[in-house]
Amino acid sequence: MQYKNLLITEEDGIAIITMNREKALNAINTQTMSELNYFFTKDGLERNISGVILTGAGSKAFVAGADIKEFSGMSSDDGKAMAKKGHDTFFAIEQFPKPVIAAVNGFALGAGCELAMACHMRIAGEKARFGQPEVNLGLTPGYAGSQRLIQFIGKGKAMELLMTADMIKAPEALSLGLANHVVPVGEEVAKAKEILLKIATKGPVAIAKVIECVNAYFDKNQDGFAKEVDAFGELMDTSDFVEGTTAFVEKRTANFEGK
Ligand code: CO8
């Protein structure tokens, strides 16, 4: 696939994906969703990378929502198909076996807040704003905002944000647990990279298992506790486990191969 709306670069083994429709405040249209889907279900899995950063072009927005201009004339079936594609894509991000961090450099509204929540962590710039304003349009969230927001901020506060369409600023997002860190404007990607480079020194198979186990907690069809028992045992069959424990005994830095 040729990327048109995503700008993808690699730095130090980290893929940096820039949502690149600055004039539309990086709103996610059908093409952008297809590109995200392709990256997280195919291209990104084949790349030799240790993590991914998602950010928005320009200084104003991470992503200001789904592209509202595509909504007009859509039928109920069109809406369901579009929401399903978004759910599948955002699940692929959430379950991506390498860490994915959202560097939120401005508005993260509607689909933008949902995209950030599908990532494993969120770094907010001081001017970032989060919100689910769909009710302003006579809609609910369509890319799992009504489900994931509860996971971060709890039911009562989620009800409030979803029904008032209020935007929250970065410090409040931090205090609610939606943002992991707040950093000065322009330092969002650098902070995300700092975290990813630290994670890159750990055992990659173990990192993938951590992602699976944490996600299992929120999956009604899985027993996260049983998953952790299995993961712990399975990791003992890996050469990363042998290398990690040997390096500890030999008082040296582990050199993991991801096997
Ligand atoms: N879609 C399309 N275009 C957008 C969007 C958007 N979500 N947001 C901004 N733009 C465009 C504007 O239309 C404008 O374009 P133009 O210059 O051609 O008129 C340009 O970006 C700049 O925007 P503004 O002039 O409005 O900039 P302001 O600084 O005045 O305001 C805001 C910034 C507050 C972010 C404002 O643009 C805004 O409120 N945007 C819409 C936010 C929103 O409602 N987001 C939720 C969208 S719905 C959604 O995400 C549902 C997800 C699930 C979908 C499921 C599929 C069925």
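Which residues does G106 touch, not counting residues up to four places away in sequence? G106 touches K60, A61, F62, K127, A128 and R129 on that basis, where contact means heavy atoms within 4.5 Å. The model is predicted: local features need pLDDT of at least 70, side-chain atom pairs count only at pLDDT 80 or more, and totals for chains, interfaces and linings use all residues. Residues are numbered from 1 along each chain as its sequence is written, and side-chain values use heavy atoms, with hydrogens and water left out.

**Ligand shell**
- The ligand is surrounded by 23 residues, each with a heavy atom within 4 Å of it; the closest are K60, A64, A66, I68 and A111.
- The shell comprises 13 nonpolar, four polar and six charged residues; Ala, Val, Leu, Ile, Met, Phe, Trp, Tyr, Cys and Pro count as nonpolar, Asp, Glu, Lys and Arg as charged, and the others, Gly among them, as polar.
- At least two shell residues come from each of α2 (76-94), β6 (107-109) and α3 (111-118); helices (H or I, at least four residues) and strands (E, at least two) are DSSP runs, numbered from the N terminus.

**Backbone atoms and the ligand**
- A polar backbone atom of A111 is 2.8 Å from an oxygen atom of the ligand.
- A backbone N or O atom of I68 lies 3.0 Å from a ligand nitrogen atom.
- For K23, a polar backbone atom is 3.3 Å from an oxygen atom of the ligand.

- G106 is found in the loop between β5 (100-104) and β6.
- The relative accessible area of G106 is 2%, so this residue is buried (under 20%, 1.4 Å probe, protein chains only).
- The C-alpha atoms of G106 and K60 are 4.9 Å apart, although 46 residues separate them along the chain.

Terms used:
A polar contact is a pair of N or O atoms within 3.5 Å; within protein, one must be able to donate a hydrogen and the other to accept it, and residues adjacent in sequence count only if both atoms are side-chain atoms. Buried means under 20% relative accessible area, exposed over 50%, partly exposed in between (1.4 Å probe, protein chains only).
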